[in-house]
Amino acid sequence: MTFWILAGLLLVACVAAMGAALRTDRAPADRQDVAVYRDQLRELDRDAARGVLPEPEVAAARAEVARRLLAADRERTAGSRQGWTALGLALVALPTLVISVGVYLWIGAPGYSDLPLQGRIDRIEEARAARPDQASAEAGVPARVDDSNPDMTRMAAQLREVLEGRTDDLRGWRLAVQTEAGLGDYAAAWRAQDRVLALAGEDATADDFALLAELMVAAADGYVSPEAERALAEALRREPANGTARYYRGLMYAQGGRPDLAWPVWRALVADSRPGDPWLDPIYARIEDVSVLAGYPTPLEELPQPSGPAAEDLAGAASMSPEDRVEMIAGMVDGLAARLADEGGPPSDWARLITSYGVLGRTDDAARVYAEAKMTFTDDPAGLDVLARAAEQAGLTP
């Protein structure tokens, strides 16, 4: 209602402004005024014919009366035109008003409350927090277990029977994860992985939690549930640079209506990746659309390029002599150092450079880079942890 009141007042103000522009303070001349001036001209003609007035006076009087007659006639004509102008304005304004209101009623949202950005974000976060859990998501996914291999199916069944009496067999449960995942029974696989985490306790790695999340997502047909989100958070707490966890974290944001958060996660992951990393192709398939929705439209060719050697390069390095292999590695390390010096990079890149220097025996260079990186990431506790682990691996003393 407030909107319509304001719109109505605005319309009245506009009409009043246009009416004021058309209003005139002078009334149109009456037809009688014109007739009087014409009678005066005829009277002057008669006086001139009778010789009552000299010709110069007659001419001057005739010019003055003619001037008044023309002025009166112009005023009368202007009044007539003003009437037609107001009518034309009405003929234009009325259809415009009708069309404007009609279009708004068609594509607008009368009575809908304002949606400021923060309010929309709050609603999205509320919906994300209330999204379906893992069990609900799995309930809607049809069974896709591959039973085409009788031997594999029989072995999986036997393994399940064995593990029923050996609940503390960590190695057996890890084998169960692989077996169930190989059959396509991802629901059974993630439950086996959950048992692995319970048995591993504090020794569970970031990859263990990332695998749990990945199996949950597969069991839910690509959906990142709240339970999978918690597994991802635990993986990233242990290892902020974990590629699998970062990929699914970005996917979670993209699914939850937060492309503004998915975009920086995926963009940074692409920059930190190496050619052939398994998450690159699914990221490339969606990141352009995500960048548009996030407000930073970026074509694929403008994304940061994965760094480091491809799988083919590593395979070729196996056939090199030790000296050539060391030279190749040193060249890649120097390239990474040059890129970080020119463009900077995330803590994981600096950590890779520190450990690489340690492997090459360049301890002084590793210490120098570590000191520089600590200054760069002073306000990033997680990044400092990554750097500290890299320094330890490089043989640097605290």
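**The largest pocket**

The largest pocket holds about 540 Å³ of space. Its lining is made up of 25 residues, and the ones closest to the pocket's centre are Arg246, Ala268, Asp272, Pro346 and Pro347. Bear in mind that this is a predicted model.

So where does the lining come from? Five helices each put in at least two residues: helix 11 (243-255), helix 12 (259-272), helix 15 (322-343), helix 16 (347-359) and helix 18 (381-393). Helix 12 has the largest share of that lining, with five residues.

Now let's step back to the whole protein. You'll find 18 helices and zero strands in it. The protein has 398 residues, and 30% of them count as buried. If you take the contacts between residues at least 6 apart in sequence, 59% join residues at least 24 apart.

One spot to look at is a nonpolar surface patch of about 430 Å², made by Leu94, Leu97, Val98, Val101 and Leu105. Leu94 counts as exposed because its relative accessible area is 56%, and the cut-off for exposed is over 50%.

Terms used: Residues numbered from 1 in each chain as written. Predicted model: local features only at pLDDT ≥ 70, side-chain atom pairs only at ≥ 80, totals over all residues. Heavy atoms only, no water. Helix = DSSP H or I, 4+ residues; strand = E, 2+ residues; numbered from the N terminus. Buried < 20%, exposed > 50% of the residue type's maximum accessible area, 1.4 Å probe, protein only. Contact = heavy atoms within 4.5 Å. Patch = residues over 30% accessible without salt bridge, like charges linked within 9 Å, V, L, I, M, F, W, Y side chains within 5 Å. Areas by Shrake-Rupley, 256 points an atom, 1.4 Å probe, with all protein chains shown as cover. Salt bridge = Lys/Arg side-chain N within 4 Å of Asp/Glu carboxyl O. 1 Å grid on protein atoms, 1.4 Å probe; cavity = no way out; pocket = protein on both sides within 12 Å on 5 of 7 lines; lining within 4 Å. Points joined across faces, edges and corners; volume = space filled by probe spheres on them.
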